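User: I am new to reading protein models. Could you take me through this one?

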Amino acid sequence: VATWKQIRLSKLEIFLEADIGNPAAWGAGGAQMQPEQMGFQAIRVKVLVEGDASREELDEIVRHANFYSPVANTLRNPIPFSIGLAD
């Protein structure tokens, strides 16, 4: 997005933090848990970005990238998921 806007970035760091509720996956109990209680319960992302733009412009780049991110949108929007034995 920065390249598209012709803004040169000098630093880009992504910090991820999450809460997970899935003790059953590691054999530590939790068999009574429902699927919606397992897995990540919250994911927080902070972006440290520096470049030849104002803070407002850098914030807009981050917001734009977040809005169009296939990874972020996959996490935000439930998708059909199936798993089974290979043929």
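User: What share of the 87 residues in the protein chain is buried?

Analyst: This is a predicted model, where local features need pLDDT of at least 70, side-chain atom pairs count only at pLDDT 80 or more, and totals for chains, interfaces and linings use all residues. Residues are numbered from 1 along each chain as its sequence is written, and side-chain values use heavy atoms, without hydrogens and water. Buried means under 20% relative accessible area, with a 1.4 Å probe and protein chains only. Of the 87 residues, the buried share is 14%.

User: Which pattern does the protein chain follow along the sequence?

Analyst: Helices (H or I, at least four residues) and strands (E, at least two) are DSSP runs, numbered from the N terminus. The chain has 2 helices and 2 strands. Read along the sequence, the pattern is β-β-α-α.

User: Which element gives the largest share of the lining of the largest pocket?

Analyst: A pocket is an open set of points on a 1 Å grid over the protein atoms alone, where a 1.4 Å probe fits, with protein on both sides within 12 Å along at least five of seven lines; lining residues have an atom within 4 Å of a point. Strand E1 (9-20), strand E2 (40-51), helix H1 (55-68) and helix H2 (70-76) each supply at least two lining residues. The largest share, 5 residues, comes from E2.

User: Which residues lie nearest the centre of the largest pocket?

Analyst: The lining has 19 residues in total. Those nearest the centre are Val45, Val47, Val62, Asn66 and Ala72.

Key: Buried < 20%, exposed > 50% of the residue type's maximum accessible area, 1.4 Å probe, protein only.
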